[in-house]
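Take a look at the chain below. We will walk through it step by step, starting from a single residue.

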Amino acid sequence: MAIELESTGIKVNAASPGPTKTYLNNFEGVETVEQGAREIVRLALIGPDGPTGTFSHADLGTIPW
C-alpha cells in the first residue's frame, strides 16, 4: 500500500504495540494500553516528511520486514 499511495502523499506504516495487556491475550502482556499505543499515535501524527512503508515499535525503533 505504501508504494501504491506514494504519489498521493498518504503514509502507510505498521506498528507493533508489543506485549500489551488486553482482552485479546487475557491481560497477560507486560505493557499498558497507553504504552502500546505510543508508536501508533506517533505514526498517525507524522508530517509530510515522515517515513512510509515502515514497521516499528516505540522502544525498538524500525523493525526489519
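Is Glu39 buried or exposed? This is a predicted model, and in it Glu39 has a relative accessibility of 5%. Buried means under 20%, so Glu39 counts as buried.

Where does this residue sit? Glu39 is part of helix H2, which covers residues 33–44. Look beyond its neighbours within four places in sequence, and Glu39 is in contact with Ala15, Ser56, His57 and Ala58. With Ser56 there is a polar contact between the side chains, at 2.6 Å.

Now turn to charge. Side chains of opposite charge can pair when their charged atoms come close. The structure has 2 salt bridges. One joins the side chains of Glu39 and Arg42, at 2.8 Å from N to O. Both residues belong to helix H2 and are 3 residues apart, about one turn of the helix. Arg42 is partly exposed, at 41%, while Glu39 is buried.

Asp59 and Arg38 also form a salt bridge, with their closest N and O atoms 2.9 Å apart. This pair links distant parts of the chain: Asp59 is in the loop between S2 and S3, Arg38 is in helix H2, and 21 residues separate them. Asp59 is exposed, at 52%. Arg38 is partly exposed, at 41%.

Finally, the strands. An open sheet is built from 3 strands in the order S1-S2-S3, with mixed pairing. S1 (14–15) and S3 (61–62) are the edge strands, each pairing on one side only. S1 and S2 (residues 55–57) run parallel and are joined by 2 bridges. In one of these pairings, Ala14 has Phe55 in S2 as its bridge partner.

Notes:
Residues numbered from 1 in each chain as written. Predicted model: local features only at pLDDT ≥ 70, side-chain atom pairs only at ≥ 80, totals over all residues. Heavy atoms only, no water. Helix = DSSP H or I, 4+ residues; strand = E, 2+ residues; numbered from the N terminus. Buried < 20%, exposed > 50% of the residue type's maximum accessible area, 1.4 Å probe, protein only. Polar contact = N/O pair within 3.5 Å; in protein donor to acceptor, adjacent residues only side chain to side chain. Contact = heavy atoms within 4.5 Å. Pairing = 2+ DSSP bridges. Salt bridge = Lys/Arg side-chain N within 4 Å of Asp/Glu carboxyl O.
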